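I opened the notebook today to look up how two chains meet, and to write down what I found in the order in which I looked.

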Amino acid sequence: THTHTQSWVTLVLLYVMDATTDYFHSMQTVTLIPGDGIGPEISSAVMKIFEAAKAPIRWEERNVTAIKGPGGRWMIPPDAKESMDRNKIGLKGPLKTPIAAGHPSMNLLLRKTFDLYANVRPCISIEGYKTPYTNVDLVTIRENTEGEYSGIEHVIVEGVVQSIKLITEDASRRIAEYAFEYARNNQRSSVTAVHKANIMRMSDGLFLRKCREVAEGYKDIKFTEMYLDTVCLNMVQDPTQFDVLVMPNLYGDILSDLCAGLIGGLGVTPSGNIGANGVAIFESVHGTAPDIAGLDMANPTALLLSAVMMLRHMGLHDYGNKIQTACFDTIRDKKVLTKDLGGNSKCSEFTADICRRIQDLD
Amino acid sequence: VCLNIPGFTLCLKRSVLAPVSLRPPPEKAQSALIGQCFWVFRICPPPALYGGRHTVTLIPGDGIGPELANHVCELFRFCCVPVDFEVVNVDSSMDSEEDINNAIMAIRRNGVALKGNIETNHNLPPSYKSRNNLLRTTLDLYANVMHCQSLPGVRTRHRNIDVMIIRENTEGEYSSLEHESVPGVVECLKIITKTKSLRIADYAFRTARAKGRGRVTAVHKANIMKLGDGLFLECCKEVASGYPDITFDSMIVDNTTMQLVSRPQQFDVMVMPNLYGNVVSNVCAGLVGGPGLVPGANYGEDYAVFETGTRNTGKSIANQNTANPTAMLLASCLLLDHLRLHAYARMIRRAILSTVTETRLHTADLGGQGSTSEVVRSVMKAVQSTGPLTLSI
């Protein structure tokens with residue numbers, strides 16, 4: 001009888017699993033890191049919107065405040081690391097770096113732990129949020145691990161400081177390959193390498209050489225090179241001429257923030273960090289805004305658009321488009337806008353409006 | 001005032017200050033300016049002033065450089081400016097540094113130069129250094145000053161911009177010290193020194209005070225490059241404490257670029273190391289109307305070199321008579337101010353500004369269809385109409 005019950009239970013289980021296979025297959029788990037300050041409220045806003053869209057995402061919340069591991073090295077909590085390694089995809093809210101905590105910046109720690117080598121920021125003009133620049137549609141891809149931010153500095157003698165900018169062949173090739181892959185997967189027509197090889201001949205020269213080599217393998221995508229100062233000059237006069245920009249760390253930092261300023265600032269800019277081994281963490285790049293935390297005044301747009309980027313990365317383009325359309329429609333309508341977008345509605349009202357639009361779209 | 005003692009010349013020399021702005025200063029500020037000039041005893045080479053005429057080195061450069069240099073010569077000859085140009089050509093395709101060394105020697109001789117951009121082929125091996133950079137570091141032209149102002153008649157997205165950018169010109173990321181320690185790994189050194197940072201900060205505050213500007217912003221990335229940019233920031237703070245009448249604040253470079261594209265009117269004087277200066281000056285030039293409108297000046301202790309603000313060669317529009325000569329002509333006005341030929345400078349500047357307001361004459365970079373020669377001709381006509389004796393057009 002024991003085996004009879006066992007086999008009966010197994011049969012039932014198999015039947016149930018078979019019936020729900022489709023549901024389980026497409027249901028994907030994503031690690032959610034709410035963050036500090038306004039992080040928790042915007043994360044819950046995003047979760048609500050995803051629920052309304054019936055996106056097949058299951059959230060696993062984790063905290064990444066640094067702890068001291070064995071050997072005295074700072075590291076992120078092991079359960080967070082294990083969750084990320086398992087799920088491969090993460091969504092992160094703003095993290096605060098306390099000044100005297102002793103541990104390095106959390107973002108730096110995450111970058112080192114998961115080898116997040118590419119920072120991708122698509123900058124698309126938001127209809128309804130007016131800036132002096134219209135029709136901006138470009139993507140900045142920035143090398144995130146080396147370059148000027150290697151953190152290698154020395155005081156040679158009193159009053160003379162040397163800072164080392166490191167450029168390696170492997171990192172340059174990796175970021176160039178990612179840039180071209182991204183261009184191909186997202187139907188982008190050209191990739192521009194941004195450099196200053198006239199002054200930094202060897203370092204940016206190496207970066208440029210690697211980009212050229214990788215471009216050989218992607219003949220369908222146009223490859224151009226441009227000096228950093230020319231890009232800055234042309235970007236503020238006519239940003240529509242740029243498509244995908246790939247560059248080392250420092251130029252990427254400056255240019256990606258410049259482009260974010262063109263579309264309206266960090267409050268509406270999505271961002272994604274791609275790592276080795278298929279790991280990808282999407283985040284909002286604004287601060288924790290402790291002065292409005294808990295007051296239901298936060299703007300979830302940045303985190304929402306990053307989540308849309310995440311959906312696209314996972315191949316769930318329909319859900320991504322649906323949520324993005326609803327979000328842009330709400331902003332274009334101007335009836336329910338949060339304070340930073342020029343309105344005076346609450347975050348919950350903004351979220352509810354987006355949810356309603358998604359349900360109307362269905 | 002020079003004392004000729006056998007063996008050397010002792011000169012009482014006024015310290016080099018930044019040029020007069022495009023708008024004529026109000027009467028009060030003018031007298032304050034004179035009060036600010038201080039006299040320094042220096043052993044210095046005599047200015048190249050013979051028979052009442054100045055000699056200035058002219059380096060045409062590449063791309064649109066030669067044609068613009070010609071226009072400057074034409075305009076000066078037309079206005080009867082007592083300046084003779086000593087033309088030194090620098091061939092950028094040659095490997096040897098003989099040409100640029102000749103140019104440097106000529107500038108040492110004359111003390112002042114007007115220069116076009118010399119092209120750097122970045123596909124050549126690293127032993128070929130950028131000629132422009134070589135010139136700046138050899139002559140120790142430590143301050144690059146660019147004054148970006150919104151011009152009437154030029155339509156831009158932002159209005160009422162008036163930013164002065166002071167950029168350290170000799171060290172920082174442009175030290176050209178690179179090596180490949182292991183195949184595939186290249187290290188590039190960025191050097192920040194206390195002396196040079198103090199020098200540029202002092203220059204910035206002196207200039208701000210002389211021009212009657214109330215605020216200096218230091219642009220840096222000291223949250224990441226703690227030692228390097230941290231030292232720069234420290235030096236700026238130190239100098240700021242000696243100028244209590246001027247507000248000093250600092251901003252991180254990525255935030256600065258974001259603020260520049262949304263609200264550029266908040267900035268007054270900005271001081272920064274070399275690379276950030278490159279980015280910020282190009283962003284500001286783009287905001288006021290493009291590379292064809294902004295002049296730049298490089299000042300050192302003993303020498304001054306004037307050029308277009310954004311240092312473009314303009315290879316793609318060379319010899320097509322479509323380049324905008326405004327930047328180069330305004331740079332020549334800065335040159336005249338430096339030589340203390342203020343009346344000529346005022347006259348030519350007034351003529352240039354009246355030409356720029358006429359949209360009919362805008363060149364291609366401003367969205368018009370005018371040609372370079374038309375613009376220069378119009379400037380000459382405007383000068384002629386103001387009265388002083390000129391040659392015939």
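**Entry 1: the contact as a whole.** I began with the extent of the contact, keeping in mind that this is a predicted model. I found that 49 residues of chain A and 57 residues of chain B take part in it. The area that chain A and chain B bury between them came to about 4500 Å², and carbon and sulfur atoms account for 65% of it. On the chain A side, I noted that Ile199(A), Arg201(A) and Met202(A) lose the most area to chain B, and that together they make up 16% of what that side buries.

**Entry 2: polar links across the contact.** Sorting the residues of the side of chain A that touches chain B by kind, I got 27 nonpolar, eleven polar and eleven charged.

**Entry 3: salt bridges.** Side chains of opposite charge can pair when their charged atoms come close. My search of the whole structure gave 44 salt bridges over all chains, while the count between chain A and chain B is one. Which side chains meet in a salt bridge at 2.7 Å, N to O? They are those of Lys221(B) and Asp253(A). Inside chain A, I also noted that the side chains of Glu213(A) and Lys210(A) meet in a salt bridge at 3.0 Å, N to O. Both of these residues lie in helix α6 of chain A, three residues apart, which is about one turn of the helix.

**Entry 4: the record for chain B.** Last, I checked UniProt, where an unreviewed entry places the feature "domain: Isopropylmalate dehydrogenase-like" at residues 55-379 of chain B. In the model, I found the end C-alpha atoms of that span 23 Å apart, and the span itself to be 40% helix and 23% strand.

Methods
Residues are numbered from 1 along each chain as its sequence is written. Chains are lettered from A and ligands numbered from 1 in the order in which they are written. This is a predicted model: local features need pLDDT of at least 70, side-chain atom pairs count only at pLDDT 80 or more; totals for chains, interfaces and linings use all residues. Side-chain values use heavy atoms; hydrogens and water are left out. Contact means heavy atoms within 4.5 Å. Buried area is the accessible area (1.4 Å probe) that two parts lose on being put together, summed over both. A salt bridge is a side-chain nitrogen of Lys or Arg within 4 Å of a carboxyl oxygen of Asp or Glu. Ala, Val, Leu, Ile, Met, Phe, Trp, Tyr, Cys and Pro count as nonpolar, Asp, Glu, Lys and Arg as charged, and the others, Gly among them, as polar. UniProt positions are given in the numbering used here, feature names are shortened, and annotations may be inferred rather than shown by experiment. Helices (H or I, at least four residues) and strands (E, at least two) are DSSP runs, numbered from the N terminus.
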